[in-house]
Amino acid sequence: QLAGEQSVSRIYSFYATMKNEIFLRTNKGEYVAGETIYGCVYLHIVRPLRTQGLKLNVKGIEKCEWDYTYNENRHDGHSERRQGKMKGRKEFFKMYIPLITSPGEFPVGYFSYPFHYSLQNGLPGTFFKSGTHLSSAYQASIKYVLKAEVELPVAKHDLKVKQQVVVYSQLRQPVQPVEYQKQGTVQTCFCVSRGSVFLKATMDKNSYVAGEVAQIHVDVNNQSVVDIHNFVVKLVSVITLKGSDATRNVSDSLRLIDTVCKNKYGGCPASDRRSKDVPLNLTCKRDYTEHELQPSTTGSIVQCSHHVNIEMQVPWAPDIEIHAPVQIYAAQNKEWQQWQPPSWVSQCVRTPSVVTGPYGAVTEMLSSEAFSGIPGF
């Protein structure tokens, strides 16, 4: 009898440790603003679950913060150096998508709830960067998060899961080759002209994905009497953050200009011509370690722009430069690529008819290419 009671106790303990599970999967990890997200919410119910409904929230949030120092006046008339923190936060869109709206009970079993949702146009691109500037730490991000949630009578016990997606800003202009020309006069001491230099640069396109190689070709006609020692080709980022310190009721902005990557090439002798390819690998390297290059974005409090500089370094005279604006897009969503579905997903029962309203996926949609990469479809 004792052995039987122990066996029952072990079985009860086993089932007591089993938990209801929820997972979320979209058809892609990256989307362009205005594009439609297709996805599915999966449920593994091991215990019957009373619910108020099943919902999906889609959020876009931008945040930034940085340390700064300021002088605070003391009562004795002297000032004291103090440290503060500027912060900015904006939830620029939030969408509530009801998948199941009526209260009820989930029985034991496996279920899937497909959906679709179209992102609005004009969204800023995904972004994340942290570091130090003048010994002060800073951090900035623009994130897009989908959260699926089973609403329970006791809110703190809700069953929920989150997934981030990468959103690309819409193209400011068509992707196409671009050409720039610049004429400069070589002037040395006392502004004495030493002749002219003509520079033409052709780039294979005006937009790139982080990690690509920008194919750049330069033609130089050095009609001066001065040797040009080097060409330098580099990618420059300009980040602007906007925030405030509520404790002091002050607002400010931080501008960060950084040379992300660069290459140096041989120059052009006096009274000579050169025509050469000067490719630039669009990766971010610090201390000989490669980091992910952050994309261009146009948020309200987090902004980042990029331009490629082609510089001819002239000794004892101002450099002759071309500044070519480019749009950089985020690399692929590694978190989405590395995701592995739980083993029980294949057992889920399709329930498209349960998801009603404009966000439900009808049967015809489930057999389309949009759902072909989603587990169970």
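**Exercise 1. Work out where V218 sits in this predicted model, and whether V218 is buried or exposed.**

Solution. Start with the secondary structure: V218 lies in strand β16. Next, check the accessibility. The relative accessible area of V218 is 1%, and the cut-off for buried is under 20%, so V218 counts as buried.

Now look at who surrounds this valine. Skipping neighbours within four places in sequence, V218 has contacts with L199, K200, A201, F231, R274, S275, K276, V278 and I310. Take R274 from that list: R274 is 56 residues away from V218 along the chain, yet their C-alpha atoms are 7.9 Å apart.

Finally, zoom out to the whole strand. β16 covers residues 216-222, and five of its seven residues are buried, so the rest of the structure largely encloses this strand.

**Exercise 2. Which strands make up the open sheet that holds β16, and in what order do they come?**

Solution. Go across the sheet strand by strand. The order is β12-β13-β16-β19, four strands with antiparallel pairing. At the edges you find β12 (178-187) and β19 (272-277), each with pairing on one side only. On average, neighbouring strands here are turned by 10° against each other, ignoring direction.

Then count bridges, pair by pair:

- β12 with β13 (residues 193-203): nine bridges, antiparallel.
- β13 with β16: seven bridges, antiparallel.
- β16 with β19: six bridges, antiparallel.

Q181 is partnered with K200 in β13. K200, in turn, has D219 as its bridge partner in β16. For the last pair of strands, find N221, which stands opposite R273 in β19.

**Exercise 3. Which residues touch the most other members of the largest nonpolar core?**

Solution. That core has 51 residues, and the ones to pick are L43, V150 and L241. Now take L43 and list its surroundings. Leaving out residues up to four places away in sequence, L43 touches E21, I22, F106, G109, Y110, F111, Y113, V150, L159, W344 and C348. Note that V150 turns up in this list too.

There's also a second, separate core, this one of 37 residues; among them are A210, V218, C261 and A331. That brings back V218 from the first exercise, a residue in β16.

**Exercise 4. What does the side chain of T297 reach?**

Solution. First place the residue: T297 is in strand β23 (residues 297-298). With a relative accessibility of 2%, T297 is buried. Its side chain reaches the backbone oxygen of G125 at 2.8 Å. Beyond four places in sequence, the contacts of T297 are P124, G125, F127, I142, V302, Q303 and C304.

**Exercise 5. Where are S135 and N249, two non-glycine residues with positive phi?**

Solution. Take S135 first. Its phi is near 70°, and the residue is in the loop between β9 (127-133) and β10 (136-151). At 76% relative accessibility, S135 is exposed.

On to N249, whose phi is about 55°. N249 belongs to the loop between β17 (228-245) and β18 (250-268). Its relative accessible area is 72%, so N249 is exposed as well.

Conventions. Residues numbered from 1 in each chain as written. Predicted model: local features only at pLDDT ≥ 70, side-chain atom pairs only at ≥ 80, totals over all residues. Heavy atoms only, no water. Pairing = 2+ DSSP bridges. Helix = DSSP H or I, 4+ residues; strand = E, 2+ residues; numbered from the N terminus. Axes fitted to C-alpha atoms, helices over the stretch in contact; angles between N-to-C directions. Buried < 20%, exposed > 50% of the residue type's maximum accessible area, 1.4 Å probe, protein only. Polar contact = N/O pair within 3.5 Å; in protein donor to acceptor, adjacent residues only side chain to side chain. Contact = heavy atoms within 4.5 Å. Core = buried A, V, L, I, M, F, W, Y, C linked by side-chain atoms within 4.5 Å.
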